[in-house]
Amino acid sequence: MHSVNVPDPGTTRGRAARLAVPAGVLAAVAGAFAYVGAVDPNEPGHYPACPLLRLTGLYCPGCGGLRSAHAVVHGDLPAALQANAPAVLGYACFAVLWTVWVVRAVRGRPTRLAPPPVLLWTLGTLLLVFTVVRNLPFGGWLHP
C-alpha cells in the first residue's frame, strides 16, 4: 500500500496547494491582458476578425472586447466602456469572484459557484438585448 501525503489545511504548504489553481488562473488572465495591452487591437492585422461581423455585418456581444481590454490595461475606462460595456462589467465580476475564491481558499473553505437559474436567464436576456440594440440604427453609440 502506498500512502498519499495530503497537505494539512492549516499549514503553509496546505495553503499554497489550495492557492495553486487560483494563482494559475490569475497568471493566465494577467498574461492575456498583458498581451492585449501590448498588441493594440485597434491596429489591423493583429487579431482575427469576428466571424459574425465578417459574414453578416452584425456585431456580436463580444465585438469590441479586445479593444475594451486594451483600454482597461491602459487605464482608459471611458474608452473601455464605449468599446464594450458588458465586457468591462465581466472583468469587474471576474475580479470580485476571483477574490472571493482566494479568500475562501486561504480559509480552507470550499468554493461553489451555483448561480440561480433566474440570474443566468437575466444575464442572457441582457446580453441578447444589448446585442439587438447595438445592431439597430439608433444603437450606433454601442458600436465598438
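How do the residues of the lining of the second largest pocket divide into nonpolar, polar and charged? They divide into nine nonpolar, six polar and two charged; here Ala, Val, Leu, Ile, Met, Phe, Trp, Tyr, Cys and Pro count as nonpolar, Asp, Glu, Lys and Arg as charged, and the others, Gly among them, as polar.

## Basis of the report

This is a predicted model, in which local features need pLDDT of at least 70 and side-chain atom pairs count only at pLDDT 80 or more, while totals for chains, interfaces and linings use all residues. Residues are numbered from 1 along each chain as its sequence is written, and side-chain values use heavy atoms, with hydrogens and water left out.

A pocket is an open set of points on a 1 Å grid over the protein atoms alone where a 1.4 Å probe fits, with protein on both sides within 12 Å along at least five of seven lines; lining residues have an atom within 4 Å of a point. Of the 17 residues that line the second largest pocket, Pro48, Ala49, Cys50, Leu66 and Arg67 lie nearest its centre. Helix α3 (residues 65-73) supplies the largest share of this lining, three residues; helices are DSSP runs (H or I, at least four residues) numbered from the N terminus.

The largest pocket holds about 410 Å³ of space. Its lining has 13 residues, with Leu89, Gly90, Cys93, Leu119 and Leu123 nearest the centre. Twelve of the lining residues are nonpolar, one is polar and none is charged. Helix α4 gives the most to this lining, with six residues.

## Packing of α3 against α4

The axes of α3 and α4 are 7 Å apart and meet at an angle of about 90°; axes are lines fitted to C-alpha atoms over the stretch in contact, and angles run from 0 to 180 degrees between N-to-C directions. The two helices, α3 and α4, are therefore roughly perpendicular, a term for angles of 65 to 115 degrees. The contact (heavy atoms within 4.5 Å) includes Arg67 and Ser68 of α3 and Ala83 and Tyr91 of α4. Its residues divide into nine nonpolar, three polar and one charged.

## Packing of α4 against α5

Helix α4 (residues 77-106) packs on helix α5 (residues 117-134) at about 165°, with axes 11 Å apart. Therefore α4 and α5 are roughly antiparallel, the term for angles over 145 degrees. Ala83, Asn84 and Pro86 of α4 make the contact with Leu127, Phe130 and Arg134 of α5. Four of these residues are nonpolar, one is polar and one is charged.

Key
Parallel < 35°, antiparallel > 145°, perpendicular 65-115°, else oblique. Points joined across faces, edges and corners; volume = space filled by probe spheres on them.
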